[in-house]
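Please read them with the coordinates open.

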Amino acid sequence: MQYLDRHLTDLDIDESYSSPDKPRLNAANLHRYLAKLLYNRRSKFDPLWNHLLVAGLDDNDEPFLGAADLLLSLIHI
């Protein structure tokens, strides 16, 4: 979890410097990013053994709830 915390903090800092007027990191994009990060680590045989829930609003200000873990990525609204 500490790896994810550091990684997401760095991502937030990069995001705030690259586009300060309109953030692109909403709940749906964050879920997609984390699911790909977990898949990438699993493919390298260095998995992160976490189950993540992402809740928030998407681009259209609609509720978003998604889950990602070691094996799969689920999206529920």
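The points below go from the overall fold to single residues.

1. Basis. This is a predicted model, in which local features need pLDDT of at least 70 and side-chain atom pairs count only at pLDDT 80 or more, while totals for chains, interfaces and linings use all residues. Residues are numbered from 1 along each chain as its sequence is written, and side-chain values use heavy atoms, with hydrogens and water left out.

2. Overall layout. The protein has 2 helices and 3 strands, in the order α-α-β-β-β from the N terminus. Helices (H or I, at least four residues) and strands (E, at least two) are DSSP runs, numbered from the N terminus. Taken along the principal axes, the box filled by the C-alpha atoms is roughly 40 × 30 × 15 Å.

3. Surface and burial. The accessible surface is about 5,800 Å², and carbon and sulfur atoms account for 57% of this. Areas come from the Shrake-Rupley method with a 1.4 Å probe; for residues, only the protein chains shown count as cover. Of the 77 residues, 30% count as buried. Buried means under 20% relative accessible area, exposed means over 50%, and partly exposed lies in between (1.4 Å probe, protein chains only).

4. Contact range. Contact means heavy atoms within 4.5 Å. Among contacts between residues at least 6 apart in sequence, 42% join residues at least 24 apart.

5. Helix H1. This helix covers residues 2–18, and at 1.5 Å a residue its 17 residues should span 24 Å; the end C-alpha atoms are 24 Å apart, in agreement. The expected span is 1.5 Å times one less than the number of residues. Which residues of H1 are buried? They are Leu4, Leu11 and Glu15. Seen down the axis of H1, the buried residues fall within an arc of 35°, so they line one face of the helix. The arc is that of the directions from the helix axis to the C-beta atoms. As background, an α-helix has 3.6 residues a turn, so residues three or four places apart point the same way. Gln2, Arg6 and Tyr17 are exposed on the other side of H1. The cover over the buried residues of H1 includes helix H2 (27–43) and strand E1 (52–57).

6. Leu37. This residue belongs to helix H2 and is buried, with a relative accessible area of 11%. Leaving aside neighbours within four places in sequence, Leu37 is in contact with Tyr3, Leu4 and His7. Leu37 and Leu48 are 11 residues apart along the chain, and their C-alpha atoms are separated by 9.1 Å.

7. Arg41 and the salt bridge. A salt bridge is a side-chain nitrogen of Lys or Arg within 4 Å of a carboxyl oxygen of Asp or Glu, and the count by this rule is 1. Asp46 forms a salt bridge with Arg41, with the closest N and O atoms 2.9 Å apart. Are the two partners buried or exposed? Arg41, in helix H2, is buried at 14% relative accessible area, whereas Asp46 is partly exposed at 40%.

8. Val54. This residue sits in strand E1 and is buried, with a relative accessible area of 7%. Leaving aside neighbours within four places in sequence, its contacts are Ala27, Leu30, His31, Leu34, Phe64, Leu65 and Gly66.

9. Backbone angles to check. Most residues other than glycine have a negative phi, and most peptide bonds are trans. Phe45, in the loop between H2 and E1, has phi near 60°, a positive value. Phe45 counts as exposed at 78% relative accessibility. Asp61 also has a positive phi, near 55°; it lies in the loop between E1 and strand E2 (63–68) and is exposed, with a relative accessible area of 58%.

10. Nonpolar patch. Leu71, Leu72 and Leu74 make a nonpolar surface patch of about 290 Å². Patches are made of residues with over 30% relative accessible area and no salt bridge, with like charges joined within 9 Å and nonpolar side chains (Val, Leu, Ile, Met, Phe, Trp, Tyr) within 5 Å. Leu74 lies in strand E3 (residues 73–76) and is partly exposed, with a relative accessible area of 39%.
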